[in-house]
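Student: I would like to learn how to read the features of a model one at a time. Could we go through them with the structure in view?

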Amino acid sequence: LFGSLPVGRLFGITVRVHWMWVAMLLLIPFSLDGRPLQNVVGFLVLFGIVLLHELGHALVARRFRIRTLDITLWPLGGMARMEHIPERPGVEFWIALAGPLVNFGLAALGGAAMFVLFVVEESVNLGATAELAYNALFAFTAANLVIGGFNLIPAFPMDGGRIFRAFLAVFVDWLRATSIAVQIGRLFAFALITIGVLGWLYEWPQTMFLPLLGVFLWLAGARELLSVRIRRAQSAEQAAAFGVRPGENAAAAAPRPRPAAAPTDPSGARRPEVASIDGAARRTLTAEDLERLERYRGRLRPRERE
Ligand SMILES: [Zn+2]
């Protein structure tokens, strides 16, 4: 999240904009065809919609007592950074669904407003104003349908992918569900990159940003899978530290939560290696690695329960 600046607070959540987003806003009057002011207004409305989508996630998360650290607007969309999402399918399902539901709600409002305008126009002649309003409402409704629909693509870690993982997690272990969802997300990421590259060759302006999104999805999926693995390794290590046998509920058996000062080390001795991750690329993670991941994905290490 380097290089993003806070612009305000909504419902107690800090809203940030990334510097690339600011650069895009400044470039828009010069880079697009049409009237500059209209383009800027369109851009701001678009990101207002994205912000409401993220707020949808954040407010439903709050219903499950999950704090949202901040919401950041990027050139490609928004991201609500949550403290920690519990590994429970129901919770993940509702938080993920909330964003697209906001968009479909807004699209319904836009459609209703268009209908009202249409009825009023029948009796009162509004002239050119009506056409302008009609076009604006149409763009608003379409944008919401596209954003809501696009986010439902089951490409983890997009919303649709999260819903898919929640569905899988009903039948298989959370780590297994994440791994399957990430594999499928990679197929989508690959498809997006391919479409985007074709778009560059054939000059389709609408698909220009897709390779970037594909790369982002690929990396974000890998990171999320890693964070689930770390959490698993952590709880296995924690269980061993408390002498819990495999299969036993570590949380129930643990006599006391670990002190916050040394959350990864029960012995109190300093130890750089925190967890080793299974898999083809076996590597060790340092405390700094973990910290960096936590900044991105919320808390991974155990903390005291309220
Ligand atoms: Zn979303």
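Student: How many residues does α2 have, and what span is expected for it at 1.5 Å a residue?
Tutor: This is a predicted model, so the values that follow are computed from its atoms. Helix α2 has 28 residues. From its first C-alpha to its last it reaches 41 Å, close to the 40 Å expected at 1.5 Å a residue.

Student: What does phi do just after α2?
Tutor: The general idea is that most residues other than glycine have a negative phi, and most peptide bonds are trans. Just after α2, Arg-65 takes a positive phi of about 60 degrees, although Arg-65 is not a glycine. Arg-65 sits in the loop between α2 and β3 (68-74). Its relative accessibility is 78%, so Arg-65 counts as exposed.

Student: Which residue in the turn between β1 and β2 has a positive phi?
Tutor: That residue is Phe-11, with phi near 55 degrees. Phe-11 lies in the loop between β1 (4-10) and β2 (13-18). With a relative accessible area of 49%, Phe-11 is partly exposed.

Student: In which sense do β1 and β2 pair, and over how many bridges?
Tutor: The two strands pair in the antiparallel sense, over six bridges. They form a hairpin with two residues between them. As an example of a bridge, Leu-5 has Val-17 in β2 as its partner.

Student: Which peptide bond is cis?
Tutor: The bond from Phe-156 to Pro-157 is cis, and its omega is near 5 degrees. Pro-157 is found in the loop between α4 (128-151) and α5.

Student: Which residues coordinate the zinc ion?
Tutor: The zinc ion is coordinated by His-53 and His-57, each through NE2, and by Asp-159 through two OD entries. The distances run from 2.0 to 2.7 Å. In sequence, the spacing of the donor residues is H-x3-H-x101-D. His-57 belongs to helix α2 (residues 36-63) and Asp-159 to helix α5 (residues 159-169), so this pair ties together parts that are 102 residues apart in sequence.

Student: Why is the arrangement around the zinc ion irregular?
Tutor: The four donor atoms subtend angles of 53 to 147 degrees, which makes the arrangement irregular. A tetrahedral reading would need all angles to lie between 85 and 135 degrees.

Student: Are His-57 and Asp-159 buried or exposed?
Tutor: Both His-57 and Asp-159 are buried.

Student: How is a pair of aromatic rings described?
Tutor: Such a pair is described by the distance of the centres and the angle of the planes. In this structure the count comes to five aromatic pairs. One of them joins Phe-43 and Phe-47: this pair is tilted, with 4.9 Å centre to centre and 45 degrees between the planes. Phe-43 and Phe-47 are four residues apart in helix α2, so about one helical turn separates them. Both of these residues are buried.

Student: What kind of pair do Phe-167 and Phe-171 form?
Tutor: The ring centres of Phe-167 and Phe-171 are 5.5 Å apart and their planes are at 75 degrees, so the pair is edge-to-face. Phe-167 counts as exposed at 51% relative accessibility, and Phe-171 counts as exposed at 62%.

Student: Which residues do ring pairs link into a cluster?
Tutor: The cluster consists of Trp-21, Phe-43 and Phe-47, linked by ring pairs.

How values were computed
Residues are numbered from 1 along each chain as its sequence is written. This is a predicted model: local features need pLDDT of at least 70, side-chain atom pairs count only at pLDDT 80 or more; totals for chains, interfaces and linings use all residues. Side-chain values use heavy atoms; hydrogens and water are left out. Donors are N, O and S atoms within 2.8 Å of the metal (3.2 Å for Na, K and Ca); water is not among the atoms, so sites may look incomplete. Four donors count as tetrahedral if all angles lie between 85 and 135 degrees; four count as square planar and six as octahedral if opposite donors are over 155 degrees apart and all others between 65 and 115; anything else is irregular. Buried means under 20% relative accessible area, exposed over 50%, partly exposed in between (1.4 Å probe, protein chains only). Rings of Phe, Tyr and Trp (its six-membered ring) pair if their centres lie within 6.5 Å; planes under 30 degrees apart count as stacked, over 60 as edge-to-face and the rest as tilted. The expected span of a helix is 1.5 Å times one less than its number of residues. Two strands pair if DSSP finds at least two bridges between them.
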